[in-house]
Amino acid sequence: MVERQEQAASDAVMTRIGQSVMLHHAGDREEARGRLLDLWTEIGEDGDPLHRCTLAHYMADTQDDPADELAWDLRALSAAEELTADRPAGHEDASAARALYPSLHLNLAADYAKLGRREAARTHLRRARTAAAALDTDTYGEGIRTAIRRLETRLGENDPDDPRSGPPRQRS
């Protein structure tokens with residue numbers, strides 16, 4: 001009985017995160033940010049790592065300041081690392097966090113690029129590319145790979161193992 005109550009509470013948090021994300025995608029960025037921040041206050045910095053990872057990942061998208069976006073993306077990565085360290089590889093939550101790694105690193109690379117920190121951006125872009133190799137060839141996986149290639153182009157990076165990335169660019 002207690003396990004079912006914990007599962008229901010967990011599902012309720014993920015549902016509320018999803019509702020906030022839907023508000024953001026519908027154009028109500030302020031309301032989404034407010035709801036996510038309220039939820040962050042409820043679950044706390046020591047709350048369930050999957051909840052914190054998911055919430056921080058989406059909270060970053062609602063930020064106006066690139067430095068704030070970076071801070072939330074770093075929180076998301078930290079929670080994902082905590083989650084994968086605390087649970088066995090086959091655990092459902094750990095698997096969910098691993099599937100987020102390419103997106104988490106891609107977001108960090110984009111954040112660092114916005115802040116003019118190109119080396120940090122390149123480091124996370126390489127991590128995103130490496131993590132994306134484990135993704136399926138479904139819509140999510142291909143979307144992440146496409147976004148990685150776009151950022152590679154923007155940063156003047158190319159993946160030498162990806163024939164779609166073209167010849168390496170000359171650096172001056």
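Modeller: I would begin with E69, which counts as buried at 12% relative accessibility. The coordinates come from a predicted model, and in them the side chains of E69 and K114 meet in a salt bridge, with 2.8 Å from N to O. K114 lies in helix α5 and E69 in helix α4, so this pair ties together parts that are 45 residues apart in sequence. K114, for its part, is partly exposed, with a relative accessible area of 47%, whereas E69 falls under the 20% limit for a buried residue.

A second pair involves helix α4 again, since E82 lies in that helix and its partner R52 in helix α3, so that parts 30 residues apart in sequence are tied together. The side chains of E82 and R52 form a salt bridge at 2.8 Å, N to O. R52 is buried, at a relative accessible area of 6%, while E82 is partly exposed at 31%.

R33 is buried, with a relative accessible area of 14%, but D64 counts as exposed at 57%. These two residues also belong to a network of salt bridges that includes R29 and E30. In total, the structure holds 10 salt bridges.

L106, leaving aside residues up to four places away in sequence, touches L125, A128, I144, A147, I148 and L151.

On confidence, the chain averages a pLDDT of 85, and 79% of the residues score at least 70. Residues 1-5 stay under 50 and have zero contacts beyond four places in sequence in the model. Over residues 160-172 the pLDDT is likewise below 50, although this stretch has 13 contacts beyond near neighbours in sequence in the model. Where pLDDT is low, the predicted coordinates should not be read in detail.

How values were computed: Residues are numbered from 1 along each chain as its sequence is written. This is a predicted model: local features need pLDDT of at least 70, side-chain atom pairs count only at pLDDT 80 or more; totals for chains, interfaces and linings use all residues. Side-chain values use heavy atoms; hydrogens and water are left out. Contact means heavy atoms within 4.5 Å. pLDDT is the predictor's confidence in each residue, from 0 to 100. A salt bridge is a side-chain nitrogen of Lys or Arg within 4 Å of a carboxyl oxygen of Asp or Glu. Buried means under 20% relative accessible area, exposed over 50%, partly exposed in between (1.4 Å probe, protein chains only). Helices (H or I, at least four residues) and strands (E, at least two) are DSSP runs, numbered from the N terminus.
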